[in-house]
Number of protein chains: 2
Amino acid sequence: MSEELGITVPKKNFGEWYLEVVKKAGLADQRYPVKGFPVYMPWAMFMIKRITRMFEEEFERTGHEPAGFPVVIPESSLKKEKEHVKSFEKEVFWITHAGKNKLEERLFLRPTSETAIYPMYSLWIRTYQDLPLKLYQSGQVYRYETKMTKPLIRGREFFWLESHTVQKTAEAAQKQVEEDMRITENVIENKLGIPFMLFERPPWDKFPGAESTYAYDTIMPDGKIAQIATTHNLGRNFSKPFNITFTDEKEEKQYAYQTCFGPGVSRILSAVVSIHGDDKGLILPPELAPVQVVIIPILKKGHENKVKEKAHSLFSELRKSFRVRLDERSYRPGFKYHEWELKGVPVRVEIGPDDVAKGQVTIVRRDSGKKLAVSEKDVKKKISDILKDIFDSMKNRAKAFFDENVREAKNYKELKQNLKRGGLVKISFCYEEACAKKLKNDTGAEVRGIEFGANEKPVNKCVICGKPAKKVVYVARAY
Amino acid sequence: MSEELGITVPKKNFGEWYLEVVKKAGLADQRYPVKGFPVYMPWAMFMIKRITRMFEEEFERTGHEPAGFPVVIPESSLKKEKEHVKSFEKEVFWITHAGKNKLEERLFLRPTSETAIYPMYSLWIRTYQDLPLKLYQSGQVYRYETKMTKPLIRGREFFWLESHTVQKTAEAAQKQVEEDMRITENVIENKLGIPFMLFERPPWDKFPGAESTYAYDTIMPDGKIAQIATTHNLGRNFSKPFNITFTDEKEEKQYAYQTCFGPGVSRILSAVVSIHGDDKGLILPPELAPVQVVIIPILKKGHENKVKEKAHSLFSELRKSFRVRLDERSYRPGFKYHEWELKGVPVRVEIGPDDVAKGQVTIVRRDSGKKLAVSEKDVKKKISDILKDIFDSMKNRAKAFFDENVREAKNYKELKQNLKRGGLVKISFCYEEACAKKLKNDTGAEVRGIEFGANEKPVNKCVICGKPAKKVVYVARAY
């Protein structure tokens with residue numbers, strides 16, 4: 001394999017490894033002439049579309065319907081909710097002209113769609129019979145990030161879905177948070193093998209305008225946390241300024257309760273790349289992989305036709321059940337092996353003259369590198385079993401890494417030591433912003449919040465300031 | 001049925017009928033506070049997504065791969081191709097600021113992605129082995145339309161896909177035009193029942209920068225033409241300014257040949273709404289319909305439970321094969337019938353106490369209104385047959401309308417008379433822009449072009465100016 005093709009940096013040098021994998025596996029090209037806007041290449045784009053569909057299926061299963069709200073929002077809509085505008089006016093792209101004309105009112109590209117959607121909800125919702133209203137939208141949003149951008153992890157354009165629900169009661173809104181969690185579990189854990197914890201963020205780290213923010217955190221290989229989705233319970237903080245009301249069963253006018261949920265498709269894909277990959281490149285979960293099985297014929301002089309024939313008939317057979325590529329390019333087999341390993345294809349099937357003579361093929365697993373000879377007639381069943389097994393072992397390995405990197409600290413010294421090792425650290429905490437700021441200054445770490453549904457009681461004083469502790473929280477350094 | 005719900009305008013008053021259907025069937029809401037940017041509601045958005053997927057499947061079948069190019073393009077990229085910039089700089093939205101900062105270079109929202117994609121193609125393509133390169137992208141594009149906007153027909157944001165191919169030879173590029181035509185046929189005719197003709201547009205009506213433009217035209221109910229897709233053979237007009245070159249088999253550097261293809265999802269949906277609909281509202285092709293079968297229980301006192309039970313068991317059974325809705329809302333059956341007719345659901349299943357007693361259900365077809373009693377055990381098979389039959393008859397009816405509205409004219413008087421009747425009129429033509437302008441001034445009609453692949457020889461002098469005719473063309477008034 002030429003050095004140009006292979007991964008030259010071990011995964012333990014995570015930052016460099018990540019950029020090399022993104023480039024060499026053909027995920028993104030950063031040379032697009034606008035900063036923070038990479039081009040997503042076919043190998044990534046296939047997976048972005050696939051993750052999007054996984055969520056869309058979950059949304060449809062749970063009674064959400066699709067909608068298409070415009071990408072442009074008038075400045076006046078942004079200004080309706082005070083907290084929201086304060087945070088977002090600094091990070092949106094402004095459209096001021098169309099053709100040769102100056103616009104009467106500036107428009108901005110959606111960084112998230114509350115201010116596009118809620119004026120319409122105000123028009124649509126009349127009575128309790130219209131509720132719950134559960135709409136979702138898939139697509140891109142735009143934020144003028146001033147931090148260093150990185151493909152999929154932090155960009156000025158990113159792929160996500162956002163659902164926006166309107167509910168009759170505070171209880172129903174809180175139940176929606178739980179439904180969102182199950183949706184996330186079904187996709188992220190059960191299809192992609194990515195473990196996460198769900199935290200209620202502290203008040204000073206809420207979504208601007210939300211009553212409470214619930215965020216899905218996973219641990220990246222360098223021990224830093226990536227937030228991959230959030231659900232916000234908006235309470236009535238938006239229904240009041242946007243005038244979203246309904247007439248209840250007693251004919252009384254009520255402000256509605258709202259939630260919104262945004263799984264970050266780009267971020268989720270970055271977690272898949274980072275968490276499952278190894279020194280050779282990507283390892284893709286079978287349900288996500290653009291190619292699940294690659295067939296590589298090994299040609300030796302005098303045996304070409306038999307091998308080619310066998311490869312073609314196997315290809316026809318397997319493509320009925322799997323996403324299969326038959327690689328007949330003129331490169332030598334070793335080069336192809338490395339390229340498909342780099343791209344993370346879960347199963348490689350090699351067919352050489354010896355295999356043909358014995359009525360078998362050689363199957364190689366991407367995750368473990370294990371080879372096994374399989375009789376032709378069992379190939380389909382065997383691949384199906386192996387794909388399941390690959391997923392289970394990827395998921396288990398990722399879960400083990402996650403669990404190893406959740407630690408506990410009983411005092412500030414221990415906390416600092418644990419933070420150096422990366423991952424999440426559980427502490428008793430006074431729940432004061434001042435104390436969180438001190439932590440941030442001392443260590444760069446942030447309070448990620450209270451574990452959703454855990455209801456743990458603090459056993460110590462606040463680990464940072466020594467005052468009485470109010471909550472058990474998890475802290476970590478984050479992307 | 002309340003007047004508020006039903007369609008009050010007959011389809012023969014097409015303009016008004018269209019807007020009423022769009023509103024009352026829940027396709028789009030034009031009250032969004034930015035002009036030309038309607039909100040697409042679930043019933044439309046489901047279909048927009050579905051048409052998009054139909055094309056994506058065709059693209060994948062024909063070896064295209066997905067890509068994600070940014071929505072923002074720097075002004076300098078637009079300026080590279082002369083014709084292109086002249087046409088588009090008047091109709092793009094300009095981003096000048098981000099947060100509080102003025103941008104160093106203005107960015108515009110893509111009105112089409114040539115100028116986003118081709119700088120990258122220039123970096124990616126090295127040798128003949130990299131060709132053909134066939135990428136596609138699905139999403140929205142943005143044009144500052146100054147003509148009157150209309151939901152789905154003409155908006156400032158519209159849904160489409162665009163594929164961009166790079167080829168070694170002029171012949172290969174021309175073959176791509178044919179592949180695009182088959183893709184369009186497979187979706188638009190074979191799944192949506194929309195007839196079209198493919199025209200090579202005259203030189204004065206080409207896509208800015210293209211060598212030739214091929215456009216897919218259908219006839220709307222008012223006799224006006226809607227262009228629903230285009231393929232452009234770009235020749236080497238873009239590869240030269242964008243420096244897209246490859247080393248050929250003889251190690252010589254060559255400029256590549258390019259094509260691009262854009263099926264307009266919004267426009268296609270507007271054609272489906274318009275062409276198939278009737279005085280009661282939408283009639284949806286079964287493959288496209290968000291709901292294919294609606295079950296309506298007819299409750300009579302004393303028989304509620306039996307009917308409900310039957311409706312539920314039928315619902316469970318049918319949803320394995322179809323997209324089914326069970327409508328148990330408290331409205332009376334007649335109200336529900338009209339609502340689902342308005343929304344175009346192909347098949348309605350009514351279950352009343354009499355049906356239960358006889359072990360049957362009543363099936364009503366949306367297209368013909370025909371009712372038939374079907375024994376319970378045959379329901380699934382029967383619905384499947386009826387859906388096929390509905391599609392065939394929708395397709396045939398649409399084709400018959402199209403064919404009736406393609407006429408021929410031997411002189412200018414006949415041409416003018418035929419244009420008044422609407423549709424396409426075939427004429428012998430000198431193929432001079434001046435003559436096309438005269439036609440436009442006299443009648444409002446445009447030269448739509450030469451039928452692709454027809455190779456017809458003119459039999460008369462130019463019908464408009466009387467000079468020798470060079471081509472047989474079709475003319476029509478268009479959207």
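Visitor: How many residues does the contact take from chain B and from chain A?

Guide: The contact takes 43 residues from chain B and 43 residues from chain A. Two residues are in contact if their C-beta atoms, placed from the backbone, lie within 7 Å. A word on the source: this is a predicted model, where local features need pLDDT of at least 70, side-chain atom pairs count only at pLDDT 80 or more, and totals for chains, interfaces and linings use all residues. Residues are numbered from 1 along each chain as its sequence is written, with chains lettered from A and ligands numbered from 1 in the order in which they are written.

Visitor: Which element gives the most to the side of chain B that touches chain A?

Guide: β5(B) does, with six residues. Elements that give two or more residues there also include α2 (42-61), α5 (114-124) and β7 (133-142) of chain B. Helices (H or I, at least four residues) and strands (E, at least two) are DSSP runs, numbered from the N terminus.

Visitor: And by class, what does that side of chain B have?

Guide: It has 29 nonpolar, six polar and eight charged residues. Ala, Val, Leu, Ile, Met, Phe, Trp, Tyr, Cys and Pro count as nonpolar; Asp, Glu, Lys and Arg as charged; the others, Gly among them, as polar.

Visitor: Back to β5(B). In what sense does it pair with β5 of chain A, parallel or antiparallel?

Guide: Antiparallel, over five bridges, with strand β5 (residues 93-98) of chain A. Two strands pair if DSSP finds at least two bridges between them. A98(A) stands opposite F93(B).

Visitor: New topic. Is K102(A) buried or exposed?

Guide: K102(A) is exposed, because 10 other C-beta atoms lie within 10 Å. The cut-offs: buried means 20 or more other C-beta atoms within 10 Å of the residue's own, exposed means 12 or fewer, and partly exposed is in between, with C-beta atoms placed from the backbone. K102(A) is found in strand β6 (residues 101-109) of chain A. Not counting residues up to four places away in sequence, K102(A) touches T96(A) and H97(A).

Visitor: Which residues touch the most other members in the largest nonpolar core?

Guide: A44(A), L269(A), A44(B) and L269(B), out of 285 residues. A nonpolar core is a set of buried Ala, Val, Leu, Ile, Met, Phe, Trp, Tyr and Cys residues joined through C-beta atoms within 7 Å.

Visitor: What does L269(B) touch?

Guide: A44(B), M47(B), I48(B), I51(B) and L152(B), not counting residues up to four places away in sequence.

Visitor: Sheets now. What is the order in the open sheet of five strands in chain B?

Guide: β16-β15-β17-β18-β19, with mixed pairing. β16 (324-326) and β19 (371-375) of chain B stand at the edges, each with a single partner strand, so one side of each is left without a neighbour in the sheet. The twist averages 25° from one strand to the next.

Visitor: What lies across β15, β16, β17 and β18 of chain B?

Guide: Helix α8 (residues 304-318) of chain B, running at about 170° to β15(B). Axes are lines fitted to C-alpha atoms, for helices over the stretch in contact, and angles run from 0 to 180 degrees between N-to-C directions. Helix α11 (residues 379-404) of chain B also packs on the sheet, and its direction makes about 10° with that of β18(B).

Visitor: Last one. What separates the centres of domain 2 and domain 3 of chain A?

Guide: 51 Å, taken over C-alpha atoms. The domain assignment gives domain 1 (14-276), domain 2 (293-386) and domain 3 (408-476) in chain A. Domain bounds come from an automatic or database domain assignment.
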